[in-house]
Amino acid sequence: MSQQGSHDLARDYESLYRNYLALMRQVDHLSMLREIGLAVASTLDLDEMLKTIAEVVQGALEVRKLTIYQIDGATGTAQAVIAKFGEDRIGKERLVGEVI
């Protein structure tokens with residue numbers, strides 16, 4: 001195989017590998033959305049639903065800190081409804097009234 005042919009093959013392989021990684025990220029995101037959908041459909045309890053969503057998102061994005069806020073439309077203030085640092089939940093009272 002010529003040097004040009006080897007170069008073309010390496011470039012094609014690199015392109016395929018980048019496409020593979022992009023596809024795997026999309027699969028991960030779709031899996032996360034599926035899990036969130038299942039969580040939403042499995043309960044009518046908002047607190048339980050938000051807890052499950054937080055756990056799914058935290059695991060899928062591989063983040064240690066995650067907070068879900070509820071915005072008060074009248075005042076524009078945000079109140080944390082779920083806050084997680086690792087496995088520990090922080091008390092809501094520490095986060096009440098934060099303005100975004």
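1. Met24 is partly exposed, with a relative accessible area of 34%. Partly exposed sits between buried, under 20% relative accessible area, and exposed, over 50% (1.4 Å probe, protein chains only). Met24 lies in helix α1. Helices here are DSSP runs of H or I with at least four residues, strands are runs of E with at least two, and both are numbered from the N terminus.

2. A word on the basis of this note. This is a predicted model: local features need pLDDT of at least 70, side-chain atom pairs count only at pLDDT 80 or more, and totals for chains, interfaces and linings use all residues. Residues are numbered from 1 along each chain as its sequence is written, and side-chain values use heavy atoms, with hydrogens and water left out.

3. Met24 also belongs to a nonpolar surface patch, along with Tyr13, Tyr17, Tyr20 and Leu21. Together they have about 530 Å² of accessible area. Such areas come from the Shrake-Rupley method with a 1.4 Å probe; for residues, only the protein chains shown count as cover. Patch members have over 30% relative accessible area and no salt bridge; like charges are joined within 9 Å, nonpolar side chains (Val, Leu, Ile, Met, Phe, Trp, Tyr) within 5 Å.

4. Now the overall layout. The protein chain has 2 helices and 4 strands. Along the sequence the pattern is α-α-β-β-β-β. Of the 100 residues, 21% count as buried. The chain exposes about 7700 Å², and carbon and sulfur atoms supply 56% of that.

5. The structure holds 2 salt bridges. A salt bridge is a side-chain nitrogen of Lys or Arg within 4 Å of a carboxyl oxygen of Asp or Glu. Arg11 meets Asp8 at 2.3 Å, N to O. Both lie in helix α1, 3 residues apart, about one turn of the helix. Arg11 is partly exposed at 45%, and Asp8 is partly exposed at 27%.

6. Glu14 and Arg18 form a salt bridge too, at 2.8 Å, N to O. They are 4 residues apart in helix α1, so about one helical turn separates them. An α-helix has 3.6 residues a turn, so residues three or four places apart point the same way. Glu14 is partly exposed at 45% relative accessibility, and Arg18 is partly exposed at 46%.

7. Helix α2 covers residues 46–61, 16 residues in all. It reaches 22 Å from its first C-alpha to its last, close to the 22 Å expected. The expected span is 1.5 Å times one less than the number of residues. The buried residues of α2 pack against α1 (3–42), β1 (65–71) and β2 (77–85). Just after α2, Glu62 takes a positive phi of about 55°.

8. Which residues make up the largest nonpolar core? It has 12: Met32, Ile36, Met49, Leu50, Ile53, Ala54, Val56, Val57, Leu66, Ile68, Val81 and Ile82. α1, α2, β1 and β2 each supply at least two. α2 gives the most, with 6 residues. A nonpolar core is a set of buried Ala, Val, Leu, Ile, Met, Phe, Trp, Tyr and Cys residues joined through side-chain atoms within 4.5 Å.

9. Ile36 lies in helix α1. At 18% relative accessibility, Ile36 counts as buried. Leaving aside neighbours within four places in sequence, Ile36 is in contact (heavy atoms within 4.5 Å) with Ile53, Val56 and Val57.
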